[in-house]
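Subject: Structure handover

Hello,

Here is the structure for you to look through. My notes follow below it.

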Amino acid sequence: MTLGIISAMSEELEILLQDMKIDSKETKANMIFHKGMVWNTEAVAVVCGIGKVNAAVCAQILISEYKVDKVINVGVAGGVGKEIYPGDVVIGDNLVQYDMDTTAFGDPIGQIPRLDTFDFKCDESLVALAKEACKENGNIKSFVGRIVTGDQFVADPAKVKWFDEEFKALACEMEGGSIAQVCYLNKIPFVVIRSISDNANNGAHMDFAEFTAIGVKNSTSILKSMVLKMN
């Protein structure tokens with residue numbers, strides 16, 4: 001089995017790459033693909049950059065050229081659910097692209113036209129592994145539910161409230177939904193795991209430098225527990 005691991009920012013892969021025995025590094029589409037062994041598993045780890053197009057290109061390269069069997073996307077997100085606070089983790093069980101709007105043709109907001117699904121469902125076994133990993137790392141409070149994706153950095157409380165009301169989302173970010181779509185089209189199991197940095201829906205905020213250290217540590221701990229259980 002070869003695992004594809006995607007993050008949007010270099011900080012989010014920093015600890016993992018220190019643990020990885022890297023056999024090769026290749027640059028494709030301005031992204032560096034690290035291939036090797038991490039936690040006794042063959043993997044390709046890559047920083048895709050921010051936004052849906054970067055993330056989609058990255059996921060397709062992992063699938064088409066590196067033949068990965070599963071994809072895990074880890075990173076940072078804004079909280080949406082009012083009970084979610086900085087340092088918590090949201091495990092996506094489905095993803096929707098909130099900025100897809102063909103409502104003029106009668107589609108619901110978020111529906112990708114002529115596609116046979118509204119949301120992209122994460123692999124149940126990977127979700128279960130992520131939940132178990134959060135329990136094992138006992139100080140990490142986790143939630144499972146919908147994550148919404150769009151090419152916007154959202155800080156407007158009204159917009160975040162709309163994510164809650166329209167989509168019943170728990171978190172919002174800028175890459176997961178496009179990774180989810182690529183995996184869906186290629187029939188590749190995937191999961192999206194996000195550490196929460198702030199929540200405009202309840203006013204919670206943490207200094208970004210302080211949060212980054214916590215978020216990366218949490219994400220790496222969850223990933224390590226998950227990967228070790230895959231063997």
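The chain exposes about 10200 Å² (Shrake-Rupley method, 1.4 Å probe). Carbon and sulfur atoms supply 52% of that area.

Some ground rules. This is a predicted model, where local features need pLDDT of at least 70, side-chain atom pairs count only at pLDDT 80 or more, and totals for chains, interfaces and linings use all residues. Residues are numbered from 1 along each chain as its sequence is written, and side-chain values use heavy atoms, without hydrogens and water.

Overall form: the radius of gyration, taken over C-alpha atoms, is 17 Å. That agrees with a compact globule of 231 residues, which would be near 17 Å (the rule is 2.2 Å times the number of residues to the power 0.38).

Now the elements. The chain has six helices and 11 strands (DSSP runs: helices are H or I, at least four residues; strands are E, at least two).

Look at residues 21–28 and 31–38. These are strands β2 and β3, and they pair antiparallel over seven bridges (pairing needs at least two DSSP bridges). T27 has I32 in β3 as its bridge partner. Two residues separate the strands in this hairpin, and A29 in the turn has a positive phi of about 55°.

β3 also runs antiparallel to β4 (residues 41–47), joined by six bridges. Here F33 has V46 in β4 as its bridge partner. This hairpin also has two residues between its strands, and W39 in the turn has a positive phi of about 50°.

Best wishes
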